[in-house]
Structure formats: C-alpha cells, structure tokens
Amino acid sequence: MDIKNSILKMFKKKKTALVLGGGSARGMAHIGVIKIFQKEKIKFDFIVGTSIGAFIGASYALGQDMEIAEEEALKFKANESLDFLIPPTMGLIKGNRIYDIMKKITDEKKFSDLKIPMAIVATDIENGKEVVFTKGSLAEAVRASCSYPGIFVPQRLNGRLLVDGGIINTVPVSVARSMGADIVVAVDVGFCVQTDKLKTIFGVILQAFQIIGGELNRYQAMSADIVIKPDLGAMNQVDFESAKIAIEKGEIAVLEQLRHIKKKVRTKT
C-alpha cells in the first residue's frame, strides 16, 4: 500500500499558486510580473493576495490583460482618489473613492466569476485573526484587504471590522500552502524604511509599516519555492508617480528567474 501511494503521489498533478504581497505603491511591480507571466503563458492553479496584491491579483484572476491594467495604473492620481475625514474617526480617509475604483476594475464581479480561483487576505482588527475570502464580492474583499489601519476607515463586513491583510500576513505563502499548493511563487515587493526626519502623522504611520512589514516579509516569503523580489530601491509606499518604474522592475525581476520558473510551473498549451 505504501509503494502504491508513493507511485500515485509521484504522478499526481502538482498545484501551483501565485502569491502577491502587500506594499501599496511598490505593489505596482505586480503588474510587470504578471505581464511576463501572460506573455510566456505561465499558468497558476490559484492566486493568493494581500492588500495591493489582492487588488492586482483580482484583476489578473478575472482574466484582464495586464497591458490595460498598466494603462490604468499610470493614470492613477492618489491626491484625486482620497476622501479625507475632518475630523478623522476610525481613519483619516473614508475610502469611498478608492472603493469605487475597485468596483470599476473588478466590474463588480464575485469570486465565482473568476477565471483563476483566488483567496484574499484581510485582518480582523478586533480580535487579531486572519480572514481569508474565497467567496462573495471581490471589491468588498479587496477594499478590506487594502485598508491600512489609521489611514483608511476599516471595512465592516459580515460582522467583522477588517483592515489590511498585511498586518498579519504580508506575503501569504502560508495561506497558499493551507489551500493545497505544492509549488508557490511569491512576489515580495518589499518595504523601505525612510532615513529622512519624520514630520507628519502619515510619515510616522507609514514608517511603522515599513519596519514591521520588512520583518514580516523576510519571515513569510522564505517558505515559497520561488521568491520574486523586484529591485525597487528607496521607492516608498505612497509614490504612485513611480508606477512605470515599478512595473518595469517587476518585469526585470521575472525575466531574471524565468528559466527556473518555467521548470517549476507549467505553461499553457
């Protein structure tokens, strides 16, 4: 029986997962990574995303062309998409404008409409538990996963108060493994601790995320079979003006490992 099981295991189709980590503006590099995957017809059985990785991953999972996603990313203006709360309540930014963008990009689809299965990671801020979405509204799950605590008002959903998935799982390789992934390709866009003097509440909050996120990334990404880490240098979390550079860096990072990736992950026929 043991020999039979071993043989069956050898011939069992291996499940591959693409894991897209958080990183706000640095996460624009995910677009470049996926552009190469689409061009090379590299196929994944499912996707797991946190924060900006959930946003871009949802677009990919719906079958959208990353060339179009790139055009939209280059048009994005952060200052035109933020609705500040005065006085602030549970966050400085209400998030309705960003949510409208998410609904437009996801075409208000549900997880059941995806061409590639996907899981989106958020954090329940009231109990510290990880929340993994695999059904329901894509836009709602993405909005929850992208809600920086202290910056965006948390998303109240299904009785839970949800914030950014990166608080607990910034590169959610563990979620992919729990879903049965045999091979995991993770994209870690990294964090950048600033060396300039901090002068605003935004600066303090973002710096805290850089420090915490950097430590989490190092620990969580290491269990992936392949880690793609675009060289984004000192690009910070809110530098959406550098989207083009980030996308190009994502492409370069994949091309450097393309032969190795193709050995691990099958291509479409």
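**Notebook: helix α4 and its surroundings**

I began at the start of α4, where a side-chain oxygen of Asp65 comes to within 2.8 Å of the backbone nitrogen of Glu67. A reminder to myself: this is a predicted model.

**Entry: the whole chain**

I stepped back to look at the protein chain, which has nine helices and 10 strands. Of its 269 residues, 52% are buried. I also looked up contacts between residues at least 6 apart in sequence, and 75% of these join residues at least 24 apart.

**Entry: the two sides of α4**

Which residues of α4 are buried? I found Met66, Ala69, Glu70 and Ala73. Next I looked down the axis of α4: the buried residues fall within an arc of 105°, so they line one face of the helix. Then I turned to the other side of α4, where Ile68 and Lys75 are exposed.

What covers the buried residues of α4? My list includes α2 (29-39), α3 (52-61) and α9.

**Entry: α4 against α9**

Helix α4 spans residues 66-75 and helix α9 spans residues 243-264. The two pack at an angle of about 150°, and their axes are 9 Å apart. From α4, the contact is made by Glu70, Ala73 and Leu74. From α9, the partners are Ala243, Lys244 and Ile247. I sorted the residues of this contact by kind and got four nonpolar, two charged and no polar. Glu70 and Ala73 were already in my notes, as they are among the buried residues of α4.

**Entry: aromatic rings**

How many aromatic pairs does a search of the whole structure find? The search gives one. The pair is Phe37 with Phe44, and it is edge-to-face. A pair of aromatic rings is described by the distance of the centres and the angle of the planes. For Phe37 and Phe44, I noted 5.1 Å centre to centre and 65° between the planes. The pair counts as edge-to-face because the angle between its planes, 65°, is over the cut-off of 60 degrees. I checked both residues for burial too: Phe37 is buried, and Phe44 is buried as well.

**Entry: Ile101**

My last stop was Ile101, which lies in helix α5 (residues 96-105).

Terms used. Residues are numbered from 1 along each chain as its sequence is written. This is a predicted model: local features need pLDDT of at least 70, side-chain atom pairs count only at pLDDT 80 or more; totals for chains, interfaces and linings use all residues. Side-chain values use heavy atoms; hydrogens and water are left out. Rings of Phe, Tyr and Trp (its six-membered ring) pair if their centres lie within 6.5 Å; planes under 30 degrees apart count as stacked, over 60 as edge-to-face and the rest as tilted. Buried means under 20% relative accessible area, exposed over 50%, partly exposed in between (1.4 Å probe, protein chains only). Helices (H or I, at least four residues) and strands (E, at least two) are DSSP runs, numbered from the N terminus. Axes are lines fitted to C-alpha atoms, for helices over the stretch in contact, and angles run from 0 to 180 degrees between N-to-C directions. Contact means heavy atoms within 4.5 Å. Ala, Val, Leu, Ile, Met, Phe, Trp, Tyr, Cys and Pro count as nonpolar, Asp, Glu, Lys and Arg as charged, and the others, Gly among them, as polar. The arc is that of the directions from the helix axis to the C-beta atoms. A polar contact is a pair of N or O atoms within 3.5 Å; within protein, one must be able to donate a hydrogen and the other to accept it, and residues adjacent in sequence count only if both atoms are side-chain atoms.
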